[in-house]
Every structure is written in C-alpha cells, then in structure tokens.
Amino acid sequence: MAPASFPSPGAAGAGSTAAVPSQSATVLVVEDEMAIATAVAQRLSAEGWRVEVARDGLAAVDAAARLRPDLIVLDVMLPGIDGLEVTRRIQAEQPVPILMLTARDDETDMLVGLGVGADDYMTKPFSMRELVARAKALLRRVERAQQAAATTPSDPPIAMGDVTIDKAQRRVHRAGEEVHLTPTEFELLVMLASSPKTVLTRERLLAEVWDWADASGTRTVDSHIKALRRKLGPDLIRTVHGVGYAFEPPQA
C-alpha cells in the first residue's frame, strides 16, 4: 500500500541527518488502523511538520529509507513485520528517534521495544496533546545533541573504569566493546555519568533528558534505566528507592 502524505503548510523537503529545527521536521507515522493513522497525521501536520503515513511494516522500512525522517511514530502491531522488527531494520541503517505505540500496558513489551531501539513509548489510548508533547521533546533532544556535537567536537570522552562515553561521537564502550544506545539512552547515561555517585531524582531526569515537566512520566525513566542496565550491566546505576538513580563508576 502506497504511503499517504500529509505535507504541512510551507513544508520544504524531506528530513536528513543534518540538524533540522523541530518546527520543520519530517515525521513518519506507521499505523495500520486508518482512523488512528489519519488522526495522528493530521494532528502532527497541524504543528507544521511534514507527515507521511505507512500502513504496514515493509512499507515503513521503505519509507524510512526514502524519507530519512527526523522522527518515527510507530505502532507495535503491524501486518507483514511487526514494529519491533521495523525498529531493528531502520535503526541498523540510520539513527532516528522512534516513539512506539503499544496497545498493551506491559512493562516487558516496553522494555523489548526500548531494547531494539525505540526512544519512547505510549500506551493506547493516548491523548493527542501528550503525543505532540513527546514528539516535540524527542525532536528537541536530537536537535540539541546535533548542535552540541557541532559546537564542541573536541569534548574529551568520559572514562571511568572500563566504561568510556564519547560525547562528540555519541559512542559508548564497555570493556572494549561498543554498546549501541538509543539517543535517549545516551543522553540519560551522560547526565548520570556527569555527576558520578550523585543521586538524581526521577523528576530531574525527566525534566532535563525528556524535557517534560510532568512527573507522571517517571515510569518512563524507570523503563529506560532498566534498558540501560540490560545493555551495560546492572552494576553501573544504583537505585535510591523513592528518590532516583546514581551512576556508580566501575573499578578500573
């Protein structure tokens, strides 16, 4: 099925790896339910973004390769190949923030989604207002990271024990092996590692990494911490119950 386009007023061209202001972003919506796909696309287009819709997994992979979008809003349950496999294939070709939509409020499913490369998730039914807020937050973080990389290319890597975090290259190694993190996971790790042994509250992490002021999203922080532990090991991030998390530098 051919993708449907929802160009914004004055939209110019497709997304790219260059820093793109959030108000002129290209968004790929992948959703097989027509009513939801149309509603989401129209709402995002109203923000001034160029939006294209794909209705199945294979079409999504093709559209992502062609458009090189700045953001993907992706349903987990799709005909053909599911959203998890779509995420794997897209992230293997190009780093792009992915907001995953799931009909199940199951933390295991959320962790699997984060583990294959999604940056955030929302459970259906969701409010369009929250969807837009999360999409804007993802775009702002990517824009901020690209600007930081362009202006401070010589930032020295953070090296603690067998962990190296290269902020300029946005790469993480542990014990000599590269660990592939999503943009959100990378930002979260950098913030924690920049203040080792310091307890950072969930609310502060949510505000500074996600750009959210709403404390109801602290479960998102917890899920991303679990995803980081799965990739880097359980010993790097300490839980302070009822408060937040602290980065524990490994022994050299």
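Reply: Two strands pair if DSSP finds at least two bridges between them. Strands (E, at least two residues) and helices (H or I, at least four) are DSSP runs, numbered from the N terminus. The model is predicted, local features need pLDDT of at least 70, side-chain atom pairs count only at pLDDT 80 or more, and totals for chains, interfaces and linings use all residues. Residues are numbered from 1 along each chain as its sequence is written, and side-chain values use heavy atoms, with hydrogens and water left out.

The part begins with an open sheet of three strands, ordered β11-β13-β12 and paired antiparallel. β11 (200-201) and β12 (237-240) are its edge strands, each pairing on one side only. Between β11 and β13 (residues 244-247), which run antiparallel, there are two bridges. T201 has G244 of β13 as its bridge partner. Helix α6 packs on this sheet and touches β11, β12 and β13 (contact: heavy atoms within 4.5 Å). The direction of α6 makes about 70° with that of β13.

Helix α6 (residues 183-193) also meets helix α8 (residues 218-232): their axes come within 10 Å and cross at roughly 85°. Axes are lines fitted to C-alpha atoms, for helices over the stretch in contact, with angles from 0 to 180 degrees between N-to-C directions. The two helices, α6 and α8, are therefore roughly perpendicular to each other (65 to 115 degrees). On the α6 side, the contact is made by T184, E185, L188, L189 and L192, and on the α8 side by H224, I225, A227, L228, K231 and L232. By class, seven residues of this contact are nonpolar, two are polar and two are charged.

Strand β2 pairs with β3 (residues 50-54) in the parallel sense over five bridges, and T26 stands opposite R50 of β3. From β2 the chain crosses through helix α1 (residues 34-45) to β3, forming a right-handed β-α-β crossover; with the strands pointing away from the viewer, such a path from the first strand over the helix to the second runs clockwise. Strand β2 is also joined by four bridges to β4 (residues 71-75), the two running parallel, with V27 opposite L71 of β4.

Conventions
Parallel < 35°, antiparallel > 145°, perpendicular 65-115°, else oblique. Nonpolar A, V, L, I, M, F, W, Y, C, P; charged D, E, K, R; others polar.
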